[in-house]
Each structure stands twice: as C-alpha cells, then as structure tokens.
Amino acid sequence: MDNNAAQKIRLIMELRRQGIQDTDVLSALERVPREEFIPPTFKDRAYENIALPIASGQTISQPFIVAYMTEQLRPESRRKVLEVGTGSGYQAAVLSHLCRRVYSMERYRSLQVEAVKLFERLKLMNITTKLGDGYRGWKEQAPFDRIIVTAAAPEIPPVLVDQMNEGGIMILPVGPEPSDQAIMRVTKDATGHVTEEELMPVRFVPLVQGLAVET
Ligand code: SAH
C-alpha cells in the first residue's frame with residue numbers, strides 16, 4: 001500500500017472518531033485524492049486533518065470541516081447543490097460523488113480555471129462552475145435543494161435563502177470576524193418557512209462581495 005493510501009485510511013478513522021457517521025460521506029472523502037487539490041509544497045501533508053493554503057491567499061478546509069458540513073448538508077443522489085467558494089475544488093469534488101449535480105461559484109478566475117482543469121482530469125462530469133459573486137447566488141440555475149457556502153459572511157446572504165427550494169438545506173459559516181464565526185444550518189420547510197440554527201464555532205476565510213481583481 002502506498003503512503004498516501006495508508007495516511008488516507010488513518011484520516012478516515014480519525015473523522016469517525018470525531019463523530020462523522022455517514023458512511024456515504026466518509027467514502028466520498030475516501031474517493032477524492034486530496035493531494036491533487038493542494039500546492040506541490042504541501043502535498044505530503046494532504047491527509048493530515050488540517051486546513052492548508054491554496055493560491056490567491058485562500059485555504060482548502062480541514063477534512064473534518066469538509067466532512068462535517070457535507071454530513072449536515074444531507075446530500076442525496078437526486079439533489080442539485082450550489083457551492084459558493086470553489087477554491088481548490090475539493091469540496092465540490094466530494095459533493096460530486098453524493099449529488100446529482102454540483103454548481104460551484106468562485107470570485108477568482110485563476111482558482112476557477114484550475115478547478116475546471118482538475119475536474120476534467122479526475123472525470124468529475126457533474127460539476128458546473130462559474131466565475132461570479134456567490135453572495136448573489138446563481139439565478140439561472142436556482143432553486144437549489146442544497147446550498148453550501150465555504151467562506152464566512154457577516155450575515156446569512158438573503159439572496160441565497162431566496163434561491164433555496166422548499167425542503168432545502170443551506171450550511172454556511174456566518175460571523176462578523178474570524179474569531180467569532182459559527183457554522184449555521186438554514187432550512188426551508190414545505191410552506192416556505194425558514195429556520196436558522198447555530199451548529200459549531202469555526203474559522204473561515206471571508207466571503208467577499210464582487211469579483212476579485214487579479215494581477
Ligand atoms: N470549498 C473550497 C474552500 C475554498 S476557501 C475548497 O474546497 O477548497 C473559500 C473560497 O471562497 C475562496 O476561494 C474565495 O475566493 C471564495 N469566495 C469568497 N467570497 C466569494 C464570493 N462572494 N463568491 C464566490 N466565491 C467567493
């Protein structure tokens with residue numbers, strides 16, 4: 001067994017110990033080669049349970065946070081998901097094994113372009129990406145059964161709530177500053193009534209409105 005495979009098994013066991021129970025979520029994480037989503041200097045740390053830097057000053061989340069948010073999202077094979085914050089593409093790749101279709105938005109063109117190349121190389125055909133401000137959602141593809149946001153907004157973006165289907169779930173970090181953020185669950189019931197719950201304290205890069213200016 002190669003080194004990565006052994007480290008990957010150790011990581012999956014650690015995620016189980018940390019309380020991740022959904023076996024579909026755990027096997028989706030097992031199927032995605034995290035080393036492909038990480039800059040060359042950090043590749044040997046791909047299966048440590050830590051966040052790592054990616055290009056454009058962003059981060060790929062800690063595997064536990066990816067697993068936790070994915071589990072809370074309750075992905076199902078018939079579901080259509082919106083992800084805000086493509087970043088490395090790792091979270092989208094995990095979701096692509098669990099949902100019918102993944103729509104992922106990123107405000108840095110360079111990150112979006114790299115993620116698309118990777119999805120092609122890994123033959124993840126059910127992911128569609130777009131360069132755009134995820135704070136405004138993806139009107140042409142709405143409504144969504146599930147929405148996951150991987151950057152923290154100061155408040156729950158109202159447009160994203162509008163773009164949720166009845167019976168929909170949105171998982172997102174919310175908070176005014178890095179030291180004061182929580183993962184929240186927003187649900188919309190069959191009558192359109194919206195409920196918000198705080199799940200867990202967390203630290204994410206900020207959700208920034210507008211496209212990134214790249215040099
Ligand atoms: N899901 C990513 C995590 C990347 S970090 C992964 O698995 O690697 C969060 C990402 O959100 C960053 O790439 C950042 O540029 C992006 N982001 C921040 N604000 C955004 C916005 N308003 N619209 C789209 N993407 C945004």
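How do the residues lining the second largest pocket divide into nonpolar, polar and charged? Point 5 has the answer; a few notes on the model come before that.

1. Ground rules. This is a predicted model, where local features need pLDDT of at least 70 and side-chain atom pairs count only at pLDDT 80 or more, while totals for chains, interfaces and linings use all residues. Residues are numbered from 1 along each chain as its sequence is written, and side-chain values use heavy atoms, with hydrogens and water left out.

2. The largest pocket. It holds about 410 Å³ of space. A pocket here is an open set of points on a 1 Å grid over the protein atoms alone, where a 1.4 Å probe fits, with protein on both sides within 12 Å along at least five of seven lines; lining residues have an atom within 4 Å of a point. Points are joined across faces, edges and corners, and the volume is the space filled by probe spheres set on them. The lining counts 31 residues, with G85, G87, E106, T150 and A151 nearest the centre. Two or more residues each come from β2 (59–60), α3 (63–73), β3 (80–84), α4 (90–96) and β4 (101–106), and α3 gives the most, with 3. Helices (H or I, at least four residues) and strands (E, at least two) are DSSP runs, numbered from the N terminus.

3. Around the ligand sit 27 residues, the closest being S88, E106, D133, G134 and V208; to count, a residue needs a heavy atom within 4 Å. That shell splits into 12 nonpolar, 11 polar and 4 charged residues.

4. Polar contacts (pairs of N or O atoms within 3.5 Å). The side chain of E106 places an N or O atom 2.7 Å from a ligand oxygen. From the backbone, an N or O atom of Q91 is 3.1 Å from an oxygen of the ligand, and one of R107 is 3.4 Å from a ligand nitrogen. The protein covers 99% of the 580 Å² of accessible area that the ligand has on its own (Shrake-Rupley method, 1.4 Å probe).

5. The second largest pocket. Its volume is about 290 Å³. Of its 16 lining residues, E36, F37, S88, E114 and L118 lie nearest the centre. As for the opening question, the lining has 9 nonpolar, 3 polar and 4 charged residues. Ala, Val, Leu, Ile, Met, Phe, Trp, Tyr, Cys and Pro count as nonpolar, Asp, Glu, Lys and Arg as charged, and the others, Gly among them, as polar.

Terms used
Polar contact = N/O pair within 3.5 Å; in protein donor to acceptor, adjacent residues only side chain to side chain.
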